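Here is a quick walk through a few spots worth looking at in this model. Keep the 3D view open while you read.

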Amino acid sequence: HDYPFTLFAKEHLPPCYLISPSPDPKDEVKLSAMMMTETSSDSWLDKTRSFVLAACRKPSFTGHVGLMEVVLKYQLQESPVTFPPIKLEESGRLEADTVKISGLEYGCQLIVEYGVRLNLLPPTTEPQALQQLCLEVARALCAQQHSNPEKLKFDWFACVVYLLFGGQSARIRHFLTTFSTTLTSGYLWNTRLLNSTNIKHEIASSGLTVVHYNACHCVERVLQKTLPKVACAFRISGMSPSHLVKRWMTSCFLNILPWNEIANYVLIVVSEGPVFQVLYCVALLKHLETRLLHHSTQHTLLYDTLEEPVQGFVLSNYLDYMLSLDREHGTMLRKDLADINISCVGDR
């Protein structure tokens, strides 16, 4: 597309807008030292989670994949598999005839351009590799569905993982395959359990994702108790908070939050589970409280929340708030969020 705004469409971004995808070396050293000094693997998961929470308290921190891989490894050592893993088969070529994905080419092009401009991907990266990944993931997910639609939804989570891993094919596929066995994948990865044979029939037959069916409902329950003014603002405007939250979760906050906050969001949800996905959205609504109340009186809440990105949100500023919500509502939320699968598939 040719845009009239040449400066923003074609020129390089100023250095202050660019971020480095590499983790802080000090964090890597601390994590390695912690793992080397542990003598019992029983406490590794708790230690790693504590390390993640401590890292997220730093305003300048950007979540990185090394921590995610470590947390996921220990989770699977200590917990049974919730869902059977997907089977990614790398064919090495595009095969769009077996599965159709809405907006595949355009979506992948946007993601690659976004990654290159933010220095997350090499400048020579082409969208074909991401297209191939999306097709492989779609075929693997279809194999665990009751029936396959004519066109599948674009997988924004797979694209975010692609950016997090800097396009490293082998690590991306290993992470997605491993992560697909966890309960968290059903919520963080929006297309993972759509019409899936692994969840209760009433959920699968509804045509809704578990995000819409369950997580959004949990957000509204917590919102009613903790932020009644915000809940009232949505009600006055004739808009459900679930509609907004579903949009956020489905897109994995792309075009809603800056990249470092997206990376932190993925990391903390992978580490702490789907409860923190719910609490993250509540914290975001608390951050927007003044803005939401203002727009509800101006009758512009629908336009503002769906079209405008979130400004000024930093996870470190709201982490204590999220932890306090977890202490108050965590038990109830964990029970509700876990009640989606037919049964655990057993130990690894």
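## Leucine 319 in H18

Leucine 319 is buried, with a relative accessible area of 0% (buried means under 20% relative accessible area, exposed over 50% and partly exposed in between, using a 1.4 Å probe and protein chains only). You'll find leucine 319 in helix H18, residues 315–338; helices here are DSSP runs of H or I with at least four residues, numbered from the N terminus. Leaving aside residues up to four places away in sequence, leucine 319 touches Leu53, Cys56, Arg57 and Ile268, where contact means heavy atoms within 4.5 Å. Take Cys56: 263 residues separate cysteine 56 from leucine 319 along the chain, yet their C-alpha atoms are 7.8 Å apart.

A word on the ground rules. This is a predicted model, so local features need pLDDT of at least 70 and side-chain atom pairs count only at pLDDT 80 or more, while totals for chains, interfaces and linings use all residues. Residues are numbered from 1 along each chain as its sequence is written, and side-chain values use heavy atoms, with hydrogens and water left out.

## H12, a helix with two sides

Which residues of H12 are buried? In this helix (residues 228–236), they are Val230, Ala231, Ala233 and Phe234. They sit on the same side of H12 because they cover an arc of only 155 degrees around the axis, the arc being that of the directions from the helix axis to the C-beta atoms. In general, an α-helix has 3.6 residues a turn, so residues three or four places apart point the same way.

After H12 comes glycine 238, with a positive phi near 70 degrees.

## Where H6 meets H7

Helix H6 (residues 127–142) packs with helix H7 (residues 156–164) at about 135 degrees, their axes 10 Å apart. From the H6 side come Ala129, Leu130, Leu133 and Cys134, which meet Ala158, Cys159 and Tyr162 in H7.

## Asparagine 195 in its loop

Asparagine 195 lies in the loop between helix H9 (183–188) and helix H10 (201–204). Asparagine 195 is also buried, with a relative accessible area of 17%. Beyond residues up to four places away in sequence, asparagine 195 touches Gln144, Gln145, His146, Ser147 and Ala204.

How values were computed:
Axes fitted to C-alpha atoms, helices over the stretch in contact; angles between N-to-C directions.
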